[in-house]
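Welcome! Please take a moment to look over the fold shown here before reading on.

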Amino acid sequence: MEYDNPNDIGKVIKAILTGSPEVMSMTRGRIYPIVSLSSDSPCVVYTKTGLVPAGVKEYPSYCLASVTVTVVAQSYNEMVSLSGAVLDALAEFSGTIEDKEIKRIAWRNARDGYEEGAYMQDMDFEIKMRQI
């Protein structure tokens, strides 16, 4: 059996977001794991901020991944629109994607910011996935 590496949760986020016609239309495919603010915008950036095993009584167990998804835009209104599309794509998602069984994606927090001429919104998500 091949080991399922939970550290590659980023490919799940990217697959869900690229599967959203609204997000793709707004970003023209600019969805990155890490990016500088000088990159083309609007864009979406995702970063895994934590990964812990979730204890259960029986095998297989589950992992909880914390992911921050950042929307970067040139205007506040554009940032708000794109963050809404990202939220619609990710929040409460469940299913198998990129060979990972996602039990639930829960939205936990959001923060607005402005830096180097870019409007940003960081959205924190918790992803419960099956660990084989």
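Predicted model: local features only at pLDDT ≥ 70, side-chain atom pairs only at ≥ 80, totals over all residues.

Residues are numbered from 1 along each chain as its sequence is written, and side-chain values use heavy atoms, with hydrogens and water left out.

The protein has three helices and six strands, running α-α-β-β-β-α-β-β-β from the N terminus. Here helices (H or I, at least four residues) and strands (E, at least two) are DSSP runs, numbered from the N terminus.

The six strands form an open, mixed sheet in the order 1-2-3-6-5-4. Strand 1 and strand 4 are its edges, each pairing on one side only. Two strands pair if DSSP finds at least two bridges between them. Some of the pairings are listed here:

| Strands | Sense | Bridges |
|---|---|---|
| Strand 1 (residues 31–32) and strand 2 (residues 43–54) | parallel | two bridges |
| Strand 2 and strand 3 (residues 61–73) | antiparallel | 11 bridges |
| Strand 4 and strand 5 (residues 100–115) | antiparallel | three bridges |

To find these pairings on the model, look for isoleucine 31, whose bridge partner in strand 2 is valine 44. Valine 45 stands opposite threonine 70 in strand 3, and threonine 96 has glutamate 101 in strand 5 as its bridge partner.

Finally, buried residues (under 20% relative accessible area, 1.4 Å probe, protein chains only) make up 40% of the 132 residues in the protein.

Note on methods. Buried < 20%, exposed > 50% of the residue type's maximum accessible area, 1.4 Å probe, protein only.
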